[in-house]
Amino acid sequence: MSTTRLIERWLPIADLSEESTRERRSMTALPPIYYLHVWWARRPLVASRAAILASILPADTDHEAFKFALGIHGEPAATKVKIDWAKRNKVDLGPNPYGYIRAFQYDPQPDARRLLPHLQDIRLLDPTAGGGAIPLEAARLGMHAHANDLNPVAALIMKATIELPILFGKELVTEYNALVERFLARCEIEFAEVYPKEDPGTQILGYLWARTISCPYCAGVVPLSPNWNIGPDAAVALTPHVGAGPGASDRRCTFSIVAPEEQSAGTVASGDAVCVYSDCGRAIDGDEVKRQAQDGGLGEQLIAIPFKRKEVTRDGKGKNKNLVVRGYRAPSEHDDNSQQVRALLESKLSEWEARNILPVEEIPVGSKTDEARRYGMLHWKDLFSQRQILAQGICVQAYQDLLDEDRDSSALSPLRQAAFVYLALGLDKLRDYNSRMTRWHSKRETIVNTFDRHDFAFKWSYAEMPHCVQGLGLSWAIKNTGKALRELCILVGEDATDDLFSKSSVRSGSVEITNQSGAALDSVADRSVDVIVMDPPYGANVMYAELSDFFYVWLKRTAGLVYPQTFTRRLTDKQAEAVANVAHFKGEKGAAKFAERDYRFKMEGIFAECRRTLKDDGIMTVMFTHKDTGAWDALAMSLMDAGFVITASWPVNTEATGSLHIKDKAAANSTIFLVCRPRQEVQGNAVYWEDIEPEVARAVRARVGEYQAAGISGVDLYLASFGPALEAFSRHWPLTRGTPAPEPKRKRRTQADMFEEFDPYAVRPEDALHAARREVKAWRLAQLASAKAQADMDAPTAFYVLAWDAFKAVSFPYDEALRLARAVGVDLEEQVVGRLAEKKASEIKLWDSATRIAKGAIGPADGARGMIDALHHAAHTVRMRGVEAAVEQLEKASIAQDDEFKVALEALLEVLPPSKTFSGIEADKAIKPAADDFDALETLRRIAYENEIGEPQQLELYREMIAAK
């Protein structure tokens, strides 16, 4: 291979970003890996393909040929601009404005072979392969991929995603469908008594339950829910029955379906509850709620049943017309079959205990599992109601019976074993949508799965999906898994055609899947790997082992009987997992620092193993997404200590903006590709940070404009700058200071601090990241304040402006606020908290003008403490007394024509969320106060500064929208 690779010189980041988000924009047309089985933080297939191919192709590869091999057969970034324009102007661009299928659907192997004929000889390693996106794309390219993950759930998912479809092809689909028929027939008999009978033509869409507690003051059963919305036009009203009075055993609520405006008040907020009975009505402390939960006192009541049914009406010509009507009904006595369920469950428990059918394992203490344990769910079976656990037990028993029958009759061929794996994954899908951690989405009117977030957040009300309803429950989950299998067989090269996918006639490459620590890959020889592409764990971002135990405890009772070597542990390995898990250091002061250090050491071990296995001329591309500078510091330090140097970096937008994990949050959308090479020699002479810092700054300045032109903005622009900063930094590693740094102030020393003596001459990657932030800060302020005046902006005002610019949210992490404060030269605790914002837990929440004045937190109106004070005084005066009063106030303070005031006004108007007056769109509740400030300041600008300060550029889009309407 050529010494210099394409990814070290060029990557089409704008087109690749748009194609990556396009891949996941439609929730109904995702790549099959997403609905085969839950895994957390997968990268888009096209981004994975680009990282692999660009890491092995020579630098002089034709750019258009490379894009074509990726499946990008147009100009997606330019097309997205046209689409946005068309939406604003109500222009129909047709069903597919891009003019080609989504890139992940395209078979890349023929084009890739033309670019690099010996692809089949290239060995790729992914030591932390997770859900398998990277090795899947490597196999589709025709390479040999070694996919490893410590987590057995991930290893099984990769087996089902890559290895089995390559091995068996479409025969596996036929085998799976035959097994499913046998399985459903077996379960149908058992489910006959589990759910209440319904009228013919009526389909139950779910059962909506509220958790309950007993009021400690009157003994009434209190249903818990923050609100009672269940649909756009439906809600629940409670009718409390006081019975014989306080202390009586018959104090319960019944429920009725009403319009949303007639719903009952919520009964729980911030963990505290309130009694609903008229002769009590007392507040119930959150500690009492938790006490009852931990003592097993949480009950549940059925509150509503969503359904759809067929109805026959007559049209205008008197002919019959079939309609499907959706609706909700209040539960009746017929719907509550809890006694029957309890009896059925008790009749099966002794056999199930003997056969180890149910997951009786204890939920371990952890960062995420504590969310469940806090409310009394101490064993994995506790995450399911009695009816849910009965249904799941029936499925596991049927699975085991079929497996035993096939084994006894010598029918358990390798192909049949593979089919059983997919059946196990289908049952997992049903569990994801049928636990006490699911919820009913009142706007979409559907059940939301357990892992719509990366945690076990307690649900005061939950939705139960019935197993036995045609088109829902068990049949839906299993058929959905079959659809994923069929599409995977097409993706990996099965000779088949499909309306959704392009024809593929070339078989894929090969894959080897291992299940061990990425720091101990004993099956991989020294210097045997050509390229490493990996998407490593992101610090404390996702606790994979804790979350995956939800599936592991069931899989070892199903798929674990097919492949027992993968499921040998009681639970997944959390001690060897490379994440920053503070639960491992619970009770120790400085637990977060200990967890960060533990993560860094484990990542260094993984990178050291990568260095051992990678050829001397090999490339390692690391895909990393995290807005926390601390995680970047740990990653970069681990890379450099393991013997790597960063040679290039590229930001690629990989997150669909509708993702719940990033929606309405100050979150990162971009994945940064860090391109690394083995360091060949370590410099002998000392290199000083003071000499290298200007080089870091120049590297950032040289690239930030390119990134912005490619659509990278907000917090992602800061993250993108980390790449070039670390490139320059790592080239000169190790570094030292020529001048000692002052010791940082600490409020108190923790145990973790005792293990780290302050070294005034030490240099860390975080120093380069701070330098990068300063450069981006200067770049953005120069863009935001383009007024004729060239005044500098004071530090508090710069912080406020850049916080809105970067995070585009009222609240954002304290640690990120601290790093931004350092970049602009402001003391966060002294000059921001209590003046411009408040600290709430681990978040900083910005204040608007009215809040600051109400709290007495605003400085003088002349901006002596910061021009943001003058702006907020002006905004508040406009809101209260009008523009003339605000102008008079500014003139009295002698700053009406102050250049610094004008620069600050112009910059703030570019970053505050626009009000409905000027955008035509109502601002969300959280940002409405800031939008009111925008309204006041833009009104002031138009009347008093029209000829001096131009209209905010952000209003151009909204003006087009208003004109179109």
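## Helix α14 and its partners

Helix α14 (residues 414–432) packs against helix α15 (residues 473–491) at an angle of about 130 degrees, and their axes are 8 Å apart. That makes α14 oblique to α15; angles under 35 degrees count as roughly parallel, over 145 as roughly antiparallel, 65 to 115 as roughly perpendicular and the rest as oblique. Axes are lines fitted to C-alpha atoms, for helices over the stretch in contact, and angles run from 0 to 180 degrees between N-to-C directions. Helices (H or I, at least four residues) and strands (E, at least two) are DSSP runs, numbered from the N terminus. The model is predicted: local features need pLDDT of at least 70, side-chain atom pairs count only at pLDDT 80 or more, and totals for chains, interfaces and linings use all residues. Residues are numbered from 1 along each chain as its sequence is written, and side-chain values use heavy atoms, with hydrogens and water left out.

The crossing of α14 and α15 is right-handed (the near helix is turned clockwise from the far one by less than a right angle; anticlockwise is left-handed). On the α14 side the contact (heavy atoms within 4.5 Å) is made by Tyr422, Leu423, Leu425, Gly426, Leu427, Lys429 and Leu430. The α15 side supplies Gly473, Leu474, Trp476, Ala477, Ile478, Asn480, Thr481 and Leu485. By class, the contact of α14 with α15 has 10 nonpolar, 4 polar and 1 charged residues. Here Ala, Val, Leu, Ile, Met, Phe, Trp, Tyr, Cys and Pro count as nonpolar, Asp, Glu, Lys and Arg as charged, and the others, Gly among them, as polar.

Helix α8 (residues 152–168) also meets α14: the axes come within 11 Å and cross at roughly 145 degrees. This crossing of α8 and α14 is left-handed. Leu156, Ala160, Leu164, Pro165 and Phe168 of α8 touch Pro414, Leu415, Ala418, Val421, Tyr422 and Leu425 of α14. The contact of α8 with α14 has 11 nonpolar residues, no polar and no charged ones.

## Helices α9 and α13

Helix α9 (residues 170–191) and helix α13 (residues 386–408) have axes 10 Å apart and pack at an angle of about 135 degrees. That makes α9 oblique to α13. Their crossing is right-handed.

From α9, the residues in contact are Leu179, Arg182, Phe183, Arg186, Cys187, Glu190 and Phe191. They meet Ala391, Ile394, Cys395, Ala398, Tyr399, Asp401, Leu402, Glu405 and Asp406 in α13. By class, the contact of α9 with α13 has 10 nonpolar, no polar and 6 charged residues.

## The sheet of 7 strands

An open sheet of 7 strands runs in the order β17-β2-β1-β18-β19-β21-β20, with mixed pairing. At the edges stand β17 (510–514) and β20 (644–653), each with a single partner strand, so one side of each is left without a neighbour in the sheet. Two strands pair if DSSP finds at least two bridges between them. The twist averages 20 degrees from one strand to the next.

Strand β19 (residues 614–624) and strand β21 (residues 670–678) run antiparallel and are joined by 5 bridges. Val622 stands opposite Leu674 in β21. Helix α17 (residues 591–613) packs on the sheet, touching β1 (123–126), β18 (529–534), β19, β20 and β21, and its direction makes about 145 degrees with that of β19. Helix α8 lies across β2 (144–148) and β17, running at about 170 degrees to β17.

## The sheet of 3 strands

Another open sheet has 3 strands in the order β22-β24-β23, with antiparallel pairing. Its edge strands are β22 (811–813) and β23 (837–840), each pairing on one side only. The twist averages 30 degrees from one strand to the next.

β22 pairs with strand β24 (residues 843–846) over 3 bridges, where Phe812 has Ile844 as its bridge partner. β23 and β24 pair over 4 bridges, and Lys839 stands opposite Ile844. A hairpin with 2 residues between its strands is formed by β23 and β24, and Ala841 in the turn has a positive phi of about 55 degrees.

Helix α23 (residues 795–807) lies across β22 and β24, at about 110 degrees to β24. Helix α24 (residues 814–824) lies across β22, β23 and β24, at about 85 degrees to β22.

## Salt bridges

The count comes to 68 salt bridges, each a side-chain nitrogen of Lys or Arg within 4 Å of a carboxyl oxygen of Asp or Glu. One of them joins the side chains of Lys67 and Asp15 (2.8 Å, N to O). Lys67 lies in helix α4 (residues 63–70) and Asp15 in helix α1 (residues 13–23), so the pair ties together parts that are 52 residues apart in sequence.
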